[in-house]
Amino acid sequence: MTTPRSLAFIQFDIGLDLFPLIAGTLAAVGCGLLGNFLVLRRLSLMGDAISHSVLPGLVIAFLIASTRSPLVMFLGAAIAGVATVVLVELVKKLGRVEPGAAMGVVFSILFALGVLLIERAAVRHVDLDADCVLHGQLETLAWYGAPDTLAGLLQWSSFDAVPRQVITLAIMVVLAFAFVGALFKELRIAAFDPALATTQGFNATSMHYLLMIFVAAATVASFEVVGSILVIAMLVCPAATARLMTDRLPSQIAWSVVISLACGVGGYLGATAIPAVFEKDAVNAAGSMAMVAGGLLALAMIASPKHGVITRMLRRRRLAIRVATDDLLAALYRAEEAGRTGLPRDRLGALLIGQPLPLAITRATRSALVTDDRGVIRLTRSGSVAARDLVRRHRLWEHYLVDEGGFAPDHVHAPAETLEHLPTQPPGGPSRDPHGRPIP
Amino acid sequence: MSSVVHPPQPAPVGLSERPEHSAESPLSIHAMTVAYHRKPVLWDVDYDAPANRLVAIVGPNGAGKSTLIKACMGLVPRASGQVEFWGESYRKARSRVGYVPQRESVDWDFPVSALDVVCMGRYRRIGWCRPVSRKHKDAALACMDRVGMAGYANRQISQLSGGQQQRVFLARALAQEADLYFMDEPFAGVDAATEHAIVEVLRALKNSGKTVIVVHHDLQTVPEYFDDVILLNMRVVASGSVREVFTKDNLHKTYGGRLTLLSEAAEAIARASAGEV
């Protein structure tokens with residue numbers, strides 16, 4: 001690689017990089033969009049199945065028509081894609097196996113058939129390359145004689161230079177958006193509740209096949225350029241990542257499109273720019289895009305504000321501190337009832353075993369519920385009110401559990417200990433709990 | 001209305017004529033047989049649902065209760081027989097038939113809110129390719145209110161309890177504004193508050209002239225909640241009003257030798273005949 005010319009270390013050559021970048025990104029967005037409905041219907045493996053079984057479709061189309069014309073190839077692949085879907089349904093129904101197994105059986109056998117057919121074709125001195133199906137040929141989209149300037153790019157004549165693959169991908173993406181946009185409501189009900197969809201006249205089986213035809217078309221349009229690895233990654237990763245970011249389908253779809261864009265652009269630039277930093281040759285862009293997709297999914301699993309591991313840990317931690325603070329206040333109140341104002345830290349530590357006591361004390365001190373007088377914790381006036389409320393709730397719950405729940409009086413402390421932390425108020429009325437203690 | 005085991009057969013008529021099925025009846029099932037993998041699960045079912053009644057379908061596990069209602073709506077293929085709604089085919093009557101599937105039949109992790117789910121009941125009214133308008137959302141909200149779930153409209157459905165999820169399903173059925181409802185085990189695994197809410201809704205539906213056919217698993221509550229009952233065990237053992245048909249004898253025929261169930265049933269019958277209901 002030569003020395004970078006512009007944009008810090010990112011080297012971007014319109015002739016070499018523009019169309020591969022656009023093609024990769026279009027493929028990513030189209031597959032990422034449709035992938036939402038595969039992930040929701042737990043059919044993610046279908047992308048895998050279709051993209052593999054496209055191989056025999058291509059070879060058969062070639063053997064029949066004896067031409068590598070794009071239209072023939074596309075038709076062969078599309079028919080193979082739809083045939084896969086039908087075969088999977090058949091195997092599922094007649095073989096009585098689970099969907100994952102049905103998809104696995106169908107695509108592995110069809111892919112094997114493709115490999116055998118390629119071998120037969122090779123005997124007849126016909127060159128078909130199985131590797132292309134896996135990795136794609138993004139590099140071949142170079143634009144020779146591309147203009148150097150932006151102004152040169154924005155001319156009508158530039159259109160003639162757009163490769164057929166990019167146009168196919170653009171049409172695919174437009175159709176995919178039109179499909180999801182127009183039938184959003186129908187796709188949603190068919191994915192969520194196929195039975196209700198069917199009774200309402202939105203036949204879920206037809207919707208399934210329609211979706212699969214679009215997935216097959218997206219796969220066929222994409223894999224020639226980016227290879228089946230990226231297709232599979234894009235049908236699953238952006239949708240799965242988006243699912244972790246939100247609980248609503250429209251915003252999940254929006255997220256998945258943004259994530260797909262990030263995978264396409266980020267992956268491509270990453271493939272060319274990052275190796276350039278280490279003065280190495282560019283790596284396979286499709287592979288790099290898939291890596292970005294996987295990386296974003298991992299990031300979302302860890303750091304998503306809704307369903308990420310960190311959020312869940314923080315939520316649990318916050319709850320533990322809140323419960324410990326409640327228990328701290330209640331312990332101090334009970335001590336006051338017994339005539340002791342304030343308890344030393346170590347005594348509290350023995351009462352609140354296994355709870356984050358120091359954090360609870362910090363939190364309660366900050367909210368001015370307790371004071372820390374050289375290791376002795378005392379309730380403030382407002383702390384006293386809060387503690388009274390807690391103990392009242394605890395004892396009312398105990399009363400309720402014995403009176404209404406049929407619990408034995410010596411078995412109600414533990415459940416009341418849980419219930420007192422809930423916002424629900426127990427029914428009031430009694431003035432003494434089952435153990436004869438006053439209810440404040 | 002009651003017909004026990006073998007309904008008296010009318011004089012043979014031409015195949016195209018079925019004089020005993022009237023256009024008044026919301027649901028007429030004629031000689032319906034359903035088979036899964038060549039093994040019949042429903043044999044030669046004949047049934048006419050009376051209008052404006054609450055009907056329970058009861059029978060042991062594997063009796064074909066869910067299959068019966070699914071076959072009526074064409075969700076499972078019929079091997080033979082005919083089903084008519086108000087004398088018309090299901091295709092024509094679709095809009096007048098509401099459906100509450102079993103709660104476990106859907107994925108409650110699906111990224112939709114409770115209101116989104118209830119709105120699904122309006123989809124047929126809204127039609128193909130149109131978005132859910134404000135008007136339909138308001139109608140859906142009103143239905144949520146009727147089952148006491150208005151406060152949960154914006155909850156993600158996985159955050160709801162089982163009973164609340166069942167009430168969302170019920171609200172969705174109300175949003176369909178149908179005249180005949182099929183409900184598949186709406187009382188399964190719900191809390192007391194939800195059971196109460198469902199019963200209230202069933203009665204309200206009956207008061208507004210609807211017919212509701214419910215797959216039910218709890219024999220004890222049949223006399224209390226329902227007017228009519230279909231006793232099913234792969235074929236219709238008996239059908240008709242609870243008072244006439246829900247007898248120990250018929251239950252024995254339906255459940256065979258399952259004694260625990262029978263003692264439960266006997267208790268229920270005793271309560272029913274004691275005039276508690």
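Tutor: Start with a term: two strands pair if DSSP finds at least two bridges between them. Keep in mind that this is a predicted model.

Student: OK. How many bridges are there between strand E4 and E8 of chain B, and in which sense do they pair?

Tutor: Strand E4 of chain B, residues 54-58, pairs with E8(B) over four bridges, in the parallel sense. One place to look is B:Leu54, whose bridge partner in E8(B) is B:Val212.

Student: What holds paired strands together in general?

Tutor: Strands of a sheet pair through backbone hydrogen bonds, and the pairing is either parallel or antiparallel.

Student: And which way do E7 and E8 of chain B pair?

Tutor: Strand E7 of chain B, residues 180-184, pairs with E8(B) in the parallel sense, over five bridges. Within that pairing, B:Phe182 stands opposite B:Ile213 of E8(B). To get from E7(B) to E8(B), the chain goes through helix H7, residues 192-207 of chain B, and this β-α-β crossover is right-handed.

Student: Why is E8 of chain B largely enclosed?

Tutor: Strand E8 of chain B covers residues 211-215, and five of the five are buried, so the strand is largely enclosed by the rest of the structure. Buried here means under 20% relative accessible area.

Student: Which residues sit on each side of E8(B)?

Tutor: On one side are B:Thr211, B:Ile213 and B:Val215, and on the other are B:Val212 and B:Val214. They are all buried, and both faces of E8(B) are covered.

Student: Still on chain B: is B:Glu88 buried or partly exposed?

Tutor: B:Glu88 is partly exposed, with a relative accessible area of 35%. Its place is in the loop between strand E5 (80-84) and helix H2 (90-93) of chain B.

Student: How far is B:Glu88 from B:Met183?

Tutor: In sequence they are 95 residues apart, and in space they are 21 Å apart, C-alpha to C-alpha.

Student: Change of topic. How many residues of chain B are in contact with chain A?

Tutor: 34 residues of chain B are in contact with 26 residues of chain A. The two chains bury about 2700 Å² between them, with 61% of it on carbon and sulfur atoms.

Student: How many salt bridges and polar contacts are there between them?

Tutor: The rule finds three salt bridges across the interface. One of them joins A:Arg188 and B:Asp116, whose closest N and O atoms are 3.8 Å apart.

Student: Now chain A. What is the order of the strands in its open sheet?

Tutor: The order is E1-E3-E2, three strands with antiparallel pairing. Strand E1 (343-344) and strand E2 (370-373) of chain A are the edge strands, each pairing on one side only. Four bridges join E2(A) to strand E3, residues 376-379 of chain A. A:Thr371 stands opposite A:Arg378 in E3(A).

Student: Last one: is A:Asp326 buried or exposed?

Tutor: A:Asp326 is buried, with a relative accessible area of 12%. Its place is in helix H14 of chain A, residues 309-337. Leaving aside neighbours within four places in sequence, A:Asp326 is in contact with A:Leu390 and A:His421.

Key:
Residues numbered from 1 in each chain as written. Chains lettered and ligands numbered in written order. Predicted model: local features only at pLDDT ≥ 70, side-chain atom pairs only at ≥ 80, totals over all residues. Heavy atoms only, no water. Buried < 20%, exposed > 50% of the residue type's maximum accessible area, 1.4 Å probe, protein only. Helix = DSSP H or I, 4+ residues; strand = E, 2+ residues; numbered from the N terminus. Right-handed = clockwise from strand over helix to strand, strands pointing away. Contact = heavy atoms within 4.5 Å. Buried area = accessible area lost by both parts, 1.4 Å probe. Salt bridge = Lys/Arg side-chain N within 4 Å of Asp/Glu carboxyl O.
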